[in-house]
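Keep the structure open as you read.

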Amino acid sequence: MPGQRSPAPLDRLLADPTRRGRITHVQNVPARQGRRAAWPSWAPPELLERLAAAGIEAPWRHQAEAAELAHAGRSVIIATGTASGKSLAYLLPALTALHPSAPVPAPRTPDPPATVAGEGRARIAGEGTVLYLSPTKALAADQLRAVRALKLPRVRAATYDGDTPRDERGWVRQHANYVLTNPDMLHRSLLPGHSRWSGFLRRLRYVIIDEAHGYRGVFGSHVAQIIRRLRRVCARYGASPTFVLASATTSEPATAASRLTGLDVTAVDDDTSPRGPATFALWEPPLTDLRGEQGAPVRRTATAEAADILADLVVEDVQTLAFVRSRRGAESVALGAKRALEESAPELTGQVAAYRAGYLPEERRALERSLRSRELVGLASTNALELGVDVSGLDAVLVCGWPGTRASLWQQAGRAGRAGQSALAVLVARDDPLDTYLVHHPEAIFGTPVEATVLDPDNPYVLGPHLCAAAAELPLTDADLALFGPTADDLLPDLVRRGMLRRRPAGWYWTRRDNPYDLADLRGAGGTPVQVVELATGRLLGTVDESSAHTTVHDGAVYIHQGESFIVQTLDLDDSVALVEAAAPDYSTTARDVTDIRIVEELRSTPWGEARLHYGTVEVTHQVVAYQMRRVQTGEMLGEKPLDLPPRTLRTRAVWWTLSADQVDGLGDLDLAGAAHAAEHASIGLLPLFATCDRWDIGGVSTAVHPDTGLLTVFVYDGHEGGAGFAERGYRDARAWLTATRDAIAACECDTGCPSCIQSPKCGNGNDPLDKQGALTLLAHLLPQAP
Ligand SMILES: Nc1ncnc2c1ncn2[C@@H]1O[C@H](COP(=O)(O)OP(=O)(O)OP(=O)(O)O)[C@@H](O)[C@H]1O
């Protein structure tokens, strides 16, 4: 532990000497002074008066900088920390544009191709309009409240989403000048009905994209195409809006924003807002005497460890919120803390509770109240408390397992900290390679961000449906193709052949009777969802995506719904139904699959000395073959049962590396298959650090000799049809990614491999063979030659 001064609560936690070794790092994040700028000269005085009345005397510098860029017609992404005032940065130019006297800047970015020749390109002076997009209805409602609270006479703000009553929709279209909606609504309603929105679109000055880091993976790729469709329709009405994006801090925000919008976007990422001091500790639970798969040591679970820490903090009257990833985990941390208190301080057990989605609203409000009044000293919660719930000023936050992104981590940690007192945050590592890496590499958390928001606008499975939708909005012309990217050229003849579009001299037309908007499945994973039905009562509990049904609701799977557990009796794939029975097993289940991979086309490759890195299209065949049962509290393996499910194929993108035959000969009698397999597992665990994905979004295959390359090959592929940009990001940042992979393996103190480094929870081969030292040897041959 670096020798830095620790604040009292941490010292108290460490009073038990056996615990000290579990802290791998303490970071004292110093307070930061805010840096102010002057209000832009163009902002209307009445707006500034309202802001002053709300306690905002001057903008922070990053707010002024972003606002100036947007006002000058330059699309911009504001990528600064939680609560750094991103809203004000876009509200300044946006609310100004609603003024009748608002000047109209010449756009700096090239106009999208105007589809209809002769339609005026000139921008109409005077009162403009603003379109605000958020990923959720809740956030839009929140923003609507904030805009209305300013009580500006000219602002006619309204949400337009699935909850907007039919009879209000007409008013919104005709009269609102600040419309808050979401990408789904844009896709299904606003763009198809663009002629009814012509008055609004003609005057559209700004498109605000809030929480832009949420548009990632396949969903992000869909949104990227919806935005291109919006730009094309706007051009039809002579508008060329400026895009203003707000995002959590990420690596390369401008690149992600450009991919999302198809425009040149400038990033403003120097956070000049003030911040209170905080102490951040990284905590790694110890290895236990229990043995898991292949006799590997099992680490104490993050939930068990967090329960103990929570109990100790409650005893010290340190008000603490523990964030836990799953609902069951949140319950188990609260229960564990209560049990620990029963022994040490039984009078305090009533001061600990759990909080998660699925509780009744009254119950949740009551918990929030007790937290604010400090009757409740320890609360274990899922991220249900992460957004939109006004709870802050706690003494400490425990983050139980890496929450997936830095944005979530800071959001959660930000709940701690009261005036004049340093906040304490503790990240407790789970038993997996990414968490292991992070608690041993604090710079990945506290240094420059390495995680990028990743999406792939060129995914043909995503683009095809949007080309059809676009053609239905306005016939597609040659001039539109550049907007939709290089894949559009290849795809159009195919859509014509399949009878989706018709080619006429003037362009491509949608002439079918059905609705093209049903072709794109924005948030789902495709296919008919599987319904989960309780056998005894016929009650529908929920649905599972078709693509994940084999792994989550196979026969014998434990299925959790609102804290109740069920066991799947049968999965009927023909009828898309899983029948379940209520049960209370003390284990959880994990499906195991086997995978084959074939290279369809190599798109790029780079020599790494004699080794080589590749990126391209592959076809992956999966088959779920078995499932395992593990005890919930300890993670201990209880057994494995075979399953009989059909194979599924997936055409997607992959990154892969090969070692030359000579390099392999030089390795002596290494267990090549085990070494490659171990390197593959760890690299899958680490990719989420660089690309905003989950380890479940990607997969891998490794072999000592692959039939398509004839060489030792390790593949990592996107687990979504057509690819989602994760593998591509791996290719682009391969050196840093594979270096982190090697470091994570090297940092783990186990002897021959465990879930913290090279074992994977979803390995179809039961984590066999695996060779930890061998993986380090392979990476040691690969990495020094990386360019
Ligand atoms: N220039 C300023 N001076 C003082 N307070 C400000 C200033 N700008 C914003 N604030 C206040 O800071 C708080 C956070 O602002 P806001 O919610 O816009 O942040 P954000 O960056 O959008 O947050 P998130 O990361 O949650 O999206 C609000 O209470 C807001 O009123």
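Start with helix α22. Of its 15 residues, 14 are buried, so the rest of the structure largely encloses this helix. A residue counts as buried if 20 or more other C-beta atoms lie within 10 Å of its own, as exposed if 12 or fewer do, and as partly exposed in between; the C-beta atoms are placed from the backbone. Helices (H or I, at least four residues) and strands (E, at least two) are DSSP runs, numbered from the N terminus.

All of this rests on a predicted model, in which local features need pLDDT of at least 70, side-chain atom pairs count only at pLDDT 80 or more, and totals for chains, interfaces and linings use all residues. Residues are numbered from 1 along each chain as its sequence is written.

Helix α22 covers residues 672-686. At 1.5 Å a residue it should span 21 Å, and its end C-alpha atoms are 21 Å apart, which agrees. The expected span is 1.5 Å times one less than the number of residues.

Now turn to a sheet. Five strands form an open sheet in the order β20-β19-β23-β22-β21, with mixed pairing. Two strands pair if DSSP finds at least two bridges between them. The edge strands, β20 (540-544) and β21 (558-561), each pair on one side only. Neighbouring strands of this sheet are turned by 35 degrees against each other on average, direction ignored. Here axes are lines fitted to C-alpha atoms, for helices over the stretch in contact, and angles run from 0 to 180 degrees between N-to-C directions.

β21 and β22 (residues 564-572) are antiparallel over four bridges. Tyr559 has Phe566 in β22 as its bridge partner. β22 and β23 are also antiparallel, over six bridges. Leu571 stands opposite Ala578 in β23. Four residues separate the strands in the hairpin of β22 and β23, where Ser576 takes a positive phi near 55 degrees.

The next pairing is parallel: β19 (residues 530-534) joins β23 (residues 577-582) over four bridges. Val532 stands opposite Ala578 in β23.

Finally, step back to the whole protein. It has 25 helices and 29 strands. Its C-alpha atoms fill a box of roughly 75 × 65 × 60 Å, taken along the principal axes. Buried residues make up 50% of the 787 residues.
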